[in-house]
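This briefing is intended for reading alongside the sequence and the model.

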Amino acid sequence: MDEKELIKYLKGLGIEVHTTTKARGHLGFFMKNRIDISKSIPPHRVMPTLLHEFAHYIHYGLEPSIGKTGGSFQVLFKEDNLTLADELFKVTNFVDENSLGVKLYEHKDRIKQQIKEYEKIIKKDYPKFLRSKKFKEFDKYIKKSKAKYLLKYDRVKVIEGFFKKQAKIYSVTNVESDFPEMPEAFCAYIKLHSLQKKQSRISARLNKLYKYYTKPTELFARLVEGIYIDREWVCAIAPYTSKKFFELLNDGYYGKLKDVIDKL
């Protein structure tokens, strides 16, 4: 079965399949009785994505609330345990490297190192400085400086002049040249503060990423993808889950998914 045959088969089940949309910014998208595949998807990703979205369709038939709840292992596998979750996440990491968040972790590590460097600069003049406590000397100084806006924004336009017609742009990147009179330690603190905000944003993105990839419905869909990509390897890294999946599949629990997998 190739992608054209699969699309024909899905349409025969009454599923709307669209391959000329943007799929809401994703490679594929499923909602109720419709599957969208992005028109800009790489050719080698069409088949796995079709199977991924069809797996959502199968799951939706078992558990119509998946859009709100993310699904449950109890419905998908008739049981719920840590082995399922652990093995399925290994499969997800194999199928989709984005689930590892490598680039985000690397970025976070770089920021962590930069923060340490700025901390060293500050401690040259203020050896008792601690990131966890208020920097009183800085707080006193910054009240009288327009650099205070850089504590909230990395780049800001400040309207100046008697008639408010002049505009000056200040940025964290150029803080030394924008405020040449500011002590080196205070410039370093503004940059450190900016990096801490970036660090928090990355942590939030990683949490959001993990929450998405560990939803039972997403884990199940990537299991189906993985079986298509390399069934032998998936069975090796997820032996318990694979055995349970194929038992339920052969018993007809996943409906038409058996026909599709048998024809792959």
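Proline 180 is exposed, because its relative accessibility of 65% lies over the 50% cut-off. This residue belongs to the loop between α8 (175-178) and α9. The model is a predicted one, and the points below are grouped by topic.

**Loop residues**

- Isoleucine 41 sits in the loop between β3 (34-38) and α2 (46-62). With a relative accessibility of 11%, isoleucine 41 counts as buried, since the cut-off for burial is under 20%.
- Leaving aside residues up to four places away in sequence, isoleucine 41 touches Leu27, Val46 and Thr49.
- Between the C-alpha atoms of isoleucine 41 and phenylalanine 77 the separation is 31 Å, and the two residues are 36 apart along the chain.

**Positive phi angles**

- Alanine 23 and arginine 24 both lie in the loop between β1 (16-21) and β2 (28-31).
- Alanine 23 has a phi near 50°, a positive value in a residue other than glycine. Its relative accessibility of 2% places alanine 23 among buried residues.
- Arginine 24, likewise not a glycine, has a positive phi of about 55°. In contrast to buried alanine 23, arginine 24 is exposed, with a relative accessible area of 58%.

**Helices α5 and α11**

- Helix α5 (82-95) has 14 residues, which at 1.5 Å a residue should span 20 Å; the C-alpha atoms at its ends are 20 Å apart, in agreement with that expectation.
- The buried residues in α5 are Leu84, Glu87, Leu88, Val91, Thr92 and Val95. They lie on the same side of α5, because the arc they cover around the axis is only 150°.
- In general, an α-helix has 3.6 residues a turn, so residues three or four places apart point the same way.
- The partners against which the buried residues of α5 pack are α4, α9 (184-213), α10 and α11.
- Helix α11 (residues 239-250) contains twelve residues. From its first C-alpha to its last, α11 reaches 16 Å, close to the 16 Å expected at 1.5 Å a residue.
- Buried positions in α11 are Thr241, Ser242, Lys244, Phe245, Phe246, Leu248 and Leu249. Their cover includes α4 (73-77), α5, α10 and α12 (257-263).

**Salt bridges**

- The count of salt bridges comes to twelve.
- Glutamate 119 is buried, with a relative accessible area of 13%, and takes part in salt bridges with lysine 123 and with arginine 131.
- In the pair of lysine 123 and glutamate 119, the closest N and O atoms are 4.0 Å apart. Both residues lie in helix α6 (residues 102-125), four residues apart, about one turn of the helix. Lysine 123 is partly exposed at 33% relative accessibility.
- The side chains of glutamate 119 and arginine 131 meet at 3.4 Å, N to O. Glutamate 119 is in helix α6 and arginine 131 is in the loop between α6 and α7 (136-142), so this pair ties together parts that are twelve residues apart in sequence. Arginine 131 counts as partly exposed, at 40% relative accessibility.
- Lysine 258 and aspartate 262 form a salt bridge with an N to O distance of 2.7 Å. These two residues are separated by about one helical turn because they are four residues apart in helix α12.
- Both members of that pair count as partly exposed: lysine 258 at 24% relative accessibility and aspartate 262 at 49%.
- A network of salt bridges links Asp96, Glu218 and Arg222.

**Nonpolar surface patch**

- Phe94, Tyr228, Ile229, Trp233 and Leu264 make a nonpolar surface patch of about 440 Å².
- Helix α10 (residues 216-237) supplies the largest share of the nonpolar patch, three residues.
- Isoleucine 229, one of the patch residues, is found in helix α10. With 39% relative accessibility, isoleucine 229 counts as partly exposed.

Note on methods:
Residues are numbered from 1 along each chain as its sequence is written. This is a predicted model: local features need pLDDT of at least 70, side-chain atom pairs count only at pLDDT 80 or more; totals for chains, interfaces and linings use all residues. Side-chain values use heavy atoms; hydrogens and water are left out. Patches are made of residues with over 30% relative accessible area and no salt bridge: like charges are joined within 9 Å, nonpolar side chains (Val, Leu, Ile, Met, Phe, Trp, Tyr) within 5 Å. Accessible areas come from the Shrake-Rupley method with a 1.4 Å probe; for residues, only the protein chains shown count as cover. Buried means under 20% relative accessible area, exposed over 50%, partly exposed in between (1.4 Å probe, protein chains only). The expected span of a helix is 1.5 Å times one less than its number of residues. Contact means heavy atoms within 4.5 Å. The arc is that of the directions from the helix axis to the C-beta atoms.
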